[in-house]
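These are my notebook entries on a structure that I looked through step by step. I begin with a single residue and then turn to the wider picture.

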Amino acid sequence: MNPAWQRKDLLSLRELGVEELRQVLNTAKVFKEILGRPIKKVPSLQGRTVVNLFVEPSTRTKISFELAAVRLSADVVSLDKDSSSIRKGESLKDTAKNLEALQAGIIVIRHRSAGAAQFLAERLQASVINAGDGAHEHPTQGLLDVFTIQERLGKIEGVRVLIVGDIIHSRVARSNLWALLKLGAKVKLVGPSTLLPREFSELGAEVTYDLDAELEQADVINLLRIQHERQVQARLPSVGEYSGFFGLNLERFKRCKPAVLLMHPGPVHRGVEIASELADGAQSVILDQVTNGLAVRMAVLYLVSGGRGLGEA
Amino acid sequence: MKEILLQGARVIDPGSGRDQKQDILIRDGKIASGKASADALVVKVDGCVVTPGLIDPHVHLREPGQSAKETIATGTAAAVAGGFTSVIAMPNTSPTADGPNTIAWIRQRARETGVANVFTTGAISVGQKGEALAPFGALKQAGVVGLTDDGHCIQSAELMRRALEYARMFDLPVLDHCEDSSLSAGGVMNEGKWSRILGLPGWPGIAEEVIVARNALLAELTGARVLCQHISSAASVRILREARARGVPIEGEASPHHMTLTDDRIEGYNTDFKMNPPLRTRSDVEAILQGVADGTLRFLATDHAPHCSYEKEVEFDQAPFGVVGLETALGIYLTELVHSGLVPLGEVVAKMTSVPSNYFRLERGTLETGAVADVTVIDLERKWTVKKSEFKSKSHNTPFEGRELRGRAVFTIVGGIVRHDLDGRAGAP
């Protein structure tokens, strides 16, 4: 029997213990099996209300959370910045308090400010799930990434993972880093020095600026999106130069292990972070990540709403 | 006005070099000599230290224009509760104090509603926009004791040079908030390990240091007096130390929070730890303490910056910068500088009295006969716990809530009038 999940919220992977991480992964495995059945729906969250508060735009995460909640039979409402009073200057606190007054049991929040999910969690009875807060964390992305690695390689411990790209602005990098380190992977961060400050080495990962020197050792290469919408202008001369030094092209791929896993949190810029052929190739698990995201988010919704862990302990 | 006799005190008056047992007599708002009259108010202060009224050279009273945060009445009430009899008010009010009208308004308002002395500063640039010089001459005539765009740093080195040249003519010090905004742009906390963990944009020490270095060079060039406000980084302390060793007329402030707290305290995204410049690392804290101890940083300043709770209760990157300090500063200084053994008591008292008084020409900061009777009585050993619910300030944005401190002002006299009496020594009014 699994121990009961104790947390009201899921705010970051940095704060989770190894057992909690395993509990989510094991629970997700059960939900993935359910998603393979002809009838893909369970009644676990029947009568509960999930609100997706996406103050910052998102496509796949929002749809993934919506579908996950629907598969669990919850009532789901989604709103974004333009359809909420935030646009009229309402504070985050007031918006959330109003959602709670409407008896939302779980609030899934995507917000451009780091710490926004924690801010809500401290002020609400409702469960809060962080769907990405600024450059802080994106815990369900980190979970679906380790789930995918576990599924494909059968383990996390000892696996050599390269996380490549715009680390400084990436919440995906941070959530991956914490989950992978806790589960025993060996993590190297690779990217241009302007997007990968040295102090990341104080977080427990190795920091390096030479992708070519790392290719042969890597079991997993996770290629992060170069975020055009953030302030990268002063940090990169051009996308072309980035791609030349840090893009995974066919030449570089030849030097990788044959069984290497190629990951990308999306949306992919084909030809920038990864060659188009590789994104569609046999070693790419980019679409597995998306599918697994659904199972992982079902697991998280289920656990924060009081469900006991499922699957093997 | 009744005479007041402070009886049984240890008097520390750095201006006259005194540290001795002595009674202090106050008559007609001045320090007096001779015998107290029979009906004098006798206040027993055995076991306490009596100092000249403490001076805080860096506070935001928010009036005019932002009286939801603080007013001159509440800000000066907070000051006297913390042992301060004089504060120097920053000019980032609304409207900006960049001309004689606003200065005159503030001074009149302070006379009408203040319970401590309010000295004013004028802006360096019109509207604190960093573009055109404010009228220093008119500001001086209106009574300012210094010039500053605090909260904004003059980005143009050319404008700063002209400001220093012009200020020197009027013998006014220039107080600079040292921040190269191209290097700090968007930053809300110290750039380092913790900003990386928390995903918050960094405001690196280098953004302060390049301006401190610039100011040192410009102070040397122009001969003007420059005070670098709220120094936060170790390298800034080093630059100041080197410049001062060469005789450059440049000074630095140390704030209670920068000498005690580090950036890991932001882990919970608590906006009461958000101020500008931000909290940095242990090595920066140690450098600031060392700078205070060796005389590099001669000024102790709270940067008292009140904000309403609803303004602070927002996402971390959206919250305003600033913390209150007037009611906790003395306890922090005594605990962290004096009781720790780092700085002798007399030196800390000097940094809070004679040093700022002389620098800003305040004609305060001494207990010599005939001086204005601004007096602070301090119980060095009083242990207390910071409770923001007890603050006199309108705002409660302190990073020191719950902190145990040793040493507190128990009695404050401003111009011969008792303004703070923690233990009821003066009896019923």
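Which residues does I24(B) touch, not counting residues up to four places away in sequence? I looked this up and found L6(B), A9(B), V11(B), I31(B), V50(B), L367(B) and V375(B). Two residues are taken to be in contact if their C-beta atoms, placed from the backbone, lie within 7 Å.

Before going on, I noted that this is a predicted model, in which local features need pLDDT of at least 70 and side-chain atom pairs count only at pLDDT 80 or more, while totals for chains, interfaces and linings use all residues. Residues are numbered from 1 along each chain as its sequence is written, and chains are lettered from A and ligands numbered from 1 in the order in which they are written.

The domain bounds come from an automatic or database domain assignment.

Entry on chain A. I found 10 helices and 9 strands, which are DSSP runs numbered from the N terminus (helices: H or I, at least four residues; strands: E, at least two). Of the 313 residues of chain A, 49% count as buried.

Entry on the domains of chain A. The assignment gives domain 1 (18–137 + 293–304) and domain 2 (139–290). In chain A, 18 residues of domain 1 are in contact with 18 residues of domain 2. On the side of domain 1 of chain A that touches domain 2 of chain A, helix 1 of chain A supplies the largest share, 5 residues.

Entry on the two chains. The contact takes 20 residues from chain A and 14 residues from chain B. Helix 3 (92–101), helix 4 (116–123) and helix 6 (171–182) of chain A each supply at least two residues of the side of chain A that touches chain B. I noted that helix 4 of chain A gives the largest share of that side, 3 residues.

Conventions. A residue is buried if 20 or more other C-beta atoms lie within 10 Å of its own, exposed if 12 or fewer, and partly exposed in between; C-beta atoms are placed from the backbone.
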